[in-house]
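Work through the exercises below with the structure in view. Try each task before you read its solution.

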Amino acid sequence: MKVLIFYTRQFSYSPSEKNIDNAPDPGCAKSYNKCLLAFIQIEEADEEKGLRSREKKLANHLKWAARKNNTKKIVLHSFAHLSDSKASIDFTKQLFDDAQTRLENVDYEVAQTPFGYFLDLKIDAPGFSLARIWAEL
């Protein structure tokens with residue numbers, strides 16, 4: 001799993017193009033303030049390690065980054081461009097949903113960008129050390 005995190009002053013998206021045939025309706029554009037934006041790529045090897053192991057690892061990393069940036073808001077964004085390896089669509093979506101539940105259970109506000117869509121993005125990210133974090137989990 002690869003994760004690229006940006007702390008953002010403001011993040012917004014607008015659904016642009018469907019890239020998974022059976023993806024549900026994406027809804028309308030959304031905007032978030034003072035949140036972590038996590039670009040996440042789930043890899044084929046993650047399926048071998050198991051769903052529980054991976055969602056716990058992801059949630060713990062996001063909680064750490066959120067504490068470092070003094071926020072309780074996290075947006076999960078599936079971004080299949082951090083590696084050549086890709087997990088199945090079903091495994092990836094389930095991992096996102098499970099990580100969201102785990103984080104919400106400890107009082108984080110969590111959202112997901114529409115799964116299965118390319119999005120127009122607007123990101124206002126400040127320039128300080130822990131505002132950008134890359135990790136291989």
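The exercises that follow concern a predicted model.

**Exercise 1. Find how many helices and strands the protein has, and list their order.**

Step 1. Count the elements: the protein holds three helices and six strands.
Step 2. Start at the N terminus and read along: the order is β-β-α-α-β-α-β-β-β.
Step 3. Turn to the overall form. The radius of gyration is 14 Å, close to the 14 Å that the globule rule gives for 137 residues, so the protein is as compact as a globular protein of that length.

**Exercise 2. Find which strands pair with E1, and in which sense.**

Step 1. Take E2, residues 30-41. E1, residues 2-18, pairs with E2 in the antiparallel sense over 11 bridges. Here Gln 10 faces Asn 33 of E2.
Step 2. Take E5, residues 117-124. E1 and E5 are antiparallel, with eight bridges. Ser 14 has Asp 120 of E5 as its bridge partner.
Step 3. Take E6, residues 132-136. E1 and E6 are joined by five bridges, again in the antiparallel sense. Ile 5 stands opposite Ile 133 of E6.

**Exercise 3. Describe the contacts, the burial and the surface of the protein.**

Step 1. Check burial, with under 20% relative accessible area as the cut-off. Of the 137 residues, 47% are buried.

**Exercise 4. Find how far apart the mean positions of the positive and negative charges are.**

Step 1. Count the charges: 20 are positive and 19 are negative.
Step 2. Compare their mean positions: these lie 10 Å apart.

How values were computed. Residues numbered from 1 in each chain as written. Predicted model: local features only at pLDDT ≥ 70, side-chain atom pairs only at ≥ 80, totals over all residues. Heavy atoms only, no water. Helix = DSSP H or I, 4+ residues; strand = E, 2+ residues; numbered from the N terminus. Rg over C-alpha atoms; globule rule 2.2 N^0.38 Å. Buried < 20%, exposed > 50% of the residue type's maximum accessible area, 1.4 Å probe, protein only. Lys, Arg positive; Asp, Glu negative; His and termini not counted. Charge placed at Lys NZ, Arg CZ, Asp CG, Glu CD. Pairing = 2+ DSSP bridges.
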